[in-house]
Amino acid sequence: MRHGPGSPGPPDRLDVLTPARRPTWASSITLRALPAARGVLRSPGLLAARGVLSALLGFFLVLGTLTTAPPSASATVDGVRVVLDEVDPALPQIGEDIVLRGRVINDTPRSQRLTTITAQASWSPITSRAAVHDWIDGADEQVTGWYLGETKLGRVLASGDESDFELTIAEDTLVGLDGDQVVLGLELFAHDGSRADGVGLVTEGAGTLRTVLTVTRGPSAVENPLRTAWVVPLTLPADPGLSSGDDEVRLRAWTQATGAGSPARAWLDTFRGPGVTWLTDPSLLVMTGAAAPLRAPDPESPAEDDTPDEPAVTPEEEDPVEETPEPGPQDEAPATQPPGAPGADAPASTEGGSAAGGSEAGTAVGTEDADATASPPGADESGVTAVPAPTPVPVPLPTLPADEVELPAPTPTVESVEEGLVQLRGLLARASDDHLWWLPTGDPDLAALLQASPPPATVRSVLTAEVDGPIQVDRLLGRGGEGILWPLFSDGQSADLTALDQVWRARADGADGPRAVLVPREVLTASSGAPVTQGAARADGSGVTVLGSDSRATGLLAAAGDDALVHGTGATVQRMLADSLTAWQQDPAASRSMVIAPPRGTDVPAPVLRALRDASTAAPWLEPVPAARLIAEAREREPLAVAGGAPERRILGDLAAYLEPGESPLVGGSARHLGVTGRELSGLEEVLADPTAVRTWAPLLTSAWSTRWREDHPGWQQNYRTLRTRTTDAREGLHVSPSTVNFLADQGLMRVTIVNTLPVAVEDVRVALVPSSSILQVVDQPEPISIGADSRATVTFTARAVTRGETTVTARLSTPNGTLLGDSTAVEVWVQPTGTWIYWVLGGIAGIVLVLGIGRALRATPRAAAAGSKASATAPQAPPDAQE
């Protein structure tokens, strides 16, 4: 306890005594409960008697102060902490013993003498939620003058050490409290030196824990308890290792996300109850593989007998430099073992497992010629028999206690991860349909999606994504409720709810609106300090049913892990109990409800969850109800106006930091890029003959839209970079071979070559050819083509020349959905149409040929006639007789 300027000083002897132990004469002298006596004392005749009584009271008070030792005090020491680990019972009962268990921790660099733990409480109960917050934070300087008890530590606490304590508050200590449910300010002091009489107040301790104690007078029920619904999100963490290409990294990440000890399993194992509703991302139920690269189908493996043990090495490939191999376990030189070391004389074993021959010094012979090269047993290289070395005496290694030995975590396997997923699904399957809700697959960032306004096709693909799992997952997803949306609005307005309703209806033709939208309570109340009324309401204007999460209670639950680490589980649970009690005390006669929805990824230790569950169940002012009931009731009431608001730091203090939505990585152009990438994935799946690898990339896209990346922008970038690299490499695997074409016709056929460098065949690839100018026209586009893996194909199309000149034809490859493949390639074309000049040229050439032919024919006729005359003149004459 600290006394600052203006704070009350140390209490007197009457304050040392508890109300249960205070003598009856003290209350009689004060005459606080005797109105009739006050009237008598006001009569003039008894003024003198009143003065005498006042003087006697002052005498006794002074005497008590002089005969009692002053309250003890120890200087505050930074680094000495008091931790309250447990309050037993979890909900303390007035009139029964209350046990406080905890530890005193010395984080200072030197030893501290701390002999006593003292518990003290405030005289006045704490009656409001804000007052609980102020007391914990130290803004309330009320004196804890009510001595509750103490216990001895009894030793000096070394640096870095801690000491357990158990302090019992006697059953009659709190019986004087007014009211059946009360919150008291509590301080635990660790200090040196107790009062000589065993009962004494402490004004200051070396270490002090300032917390609260929430107590009730028996388990009697209240007329209108505060109906409380817990909506617990079960989602994947922001961990890029979940899709890592390294199998060990990926399996370990999935083990930490879904296995035993994970936050999801801690909630499911520990916090089941009638008021808990699980809001689950279906992606949590099925482990996804790594984003596999495109690969050619595996060739048939050769027969086992034909497979060489090692690859053959040609003489050209042999390394001329002789390398010294690294020694294996059986080849280590004995010189590395110190003389007499355990195992130095142990015989080495060969690959087959039998002991190899060797000297007593332990030299192993592991070559195939061991029989020819090994020396006789007991002989050295010269053949002289060596004296055996003495057998060393085994030296036992130091051992640690079993509880101090840290065993390495077992390497996770696919089987171990699947086993953990089966257990997680089984825990969810135990929940009834009213306690099981499903988020859209991947838990998309709906607020960022609305802000980015992507095309409707992109929105539909995001909101209708599915998981590919076993039949058990399909059956589980067929149960429970869907249409529960959880956008992280910075300050939800009526227009935001209307837009969200329209987007959800647009996911499919005739789709219904959202069943409910989970938002902070300030969306309806505008202020974090507004009294608790109803946890669900219909929003005026949009008609959307809104679940309003109470920001103060939600912040306390979100901070419970950190708070328990510093102040202990008991202190943490007592603070949450105090907040719920003071919320109910705002209007005990009214029927009200409250929703508590911790942020995504909230990691609360199992002991805290267990203690909170037990305490909340025992609290008579709380009634657990499923959130589905609050939604049904809200639809029967009149709608409420949407005020628009967000958790306020000035009211919630440090708790507001746990509720801040953070900035989404989808701002700017990121959402647009994701939409383009989604269309590319669909396009690649259309043209690849084997799209198996592409289907392993889809979970990366679903994950990239997730809300969880608000906590880890670098992780989002790593995740998206992997996805973008895969899709870009696949698209650029096809391209048009650049070339130059001479087109010497009015109309004719042109050819371009398409190259597929992918290890997978492609089908139904569209080829579009676009001239850059009007001097060439493409009459018809080529038909879709198919190309084998690592192959090329030629496409033919008809073109028409308009005029002569140079132009380019851009060849574009695309999928049926319009996704471009590769870069657009320009084919250079030199156009020279034939036109009419070719006919004049051909006619002229024909005429020349004709003229030349006629001229040649004319020159050939005279020569033939002259040749005939000459032949007649030279012919021999026949004899006359013959002529006759």
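Is the crossing of helix 7 and helix 18 right-handed or left-handed? In this predicted model, the crossing of the two helices is right-handed, and the paragraphs below place that contact within the protein as a whole.

The protein contains 26 helices and 27 strands, and 42% of its 884 residues count as buried. When contacts between residues at least 6 apart in sequence are considered, 79% of them join residues that lie at least 24 apart.

Two packed helices are described by the angle between their axes and the distance between the axes. For helix 7, which covers residues 263-270, and helix 18, which covers residues 606-618, the axes come within 10 Å and cross at roughly 30°. Because angles under 35 degrees count as roughly parallel, helix 7 and helix 18 are therefore roughly parallel to each other. On the side of helix 7 the contact involves Ala 266, Trp 267 and Thr 270, which meet Ala 606, Leu 609, Arg 610 and Arg 613 in helix 18. The residues of this contact of helix 7 with helix 18 comprise 4 nonpolar, 1 polar and 2 charged.

Helix 21, formed by residues 670-687, was examined for its length and its burial. At 1.5 Å a residue, the 18 residues of helix 21 should span 26 Å, and the C-alpha atoms at its ends are 26 Å apart, which agrees with that expectation. The buried residues of helix 21 include Ser 670 and Ala 671, Leu 674 and Gly 675, and Thr 677 and Gly 678, and also among them are Glu 680, Leu 681, Gly 683, Leu 684 and Val 687.

Terms used:
Residues numbered from 1 in each chain as written. Predicted model: local features only at pLDDT ≥ 70, side-chain atom pairs only at ≥ 80, totals over all residues. Heavy atoms only, no water. Axes fitted to C-alpha atoms, helices over the stretch in contact; angles between N-to-C directions. Helix = DSSP H or I, 4+ residues; strand = E, 2+ residues; numbered from the N terminus. Parallel < 35°, antiparallel > 145°, perpendicular 65-115°, else oblique. Left-handed = near helix turned anticlockwise from the far one by under 90°. Contact = heavy atoms within 4.5 Å. Nonpolar A, V, L, I, M, F, W, Y, C, P; charged D, E, K, R; others polar. Expected span 1.5 Å × (residues − 1). Buried < 20%, exposed > 50% of the residue type's maximum accessible area, 1.4 Å probe, protein only.
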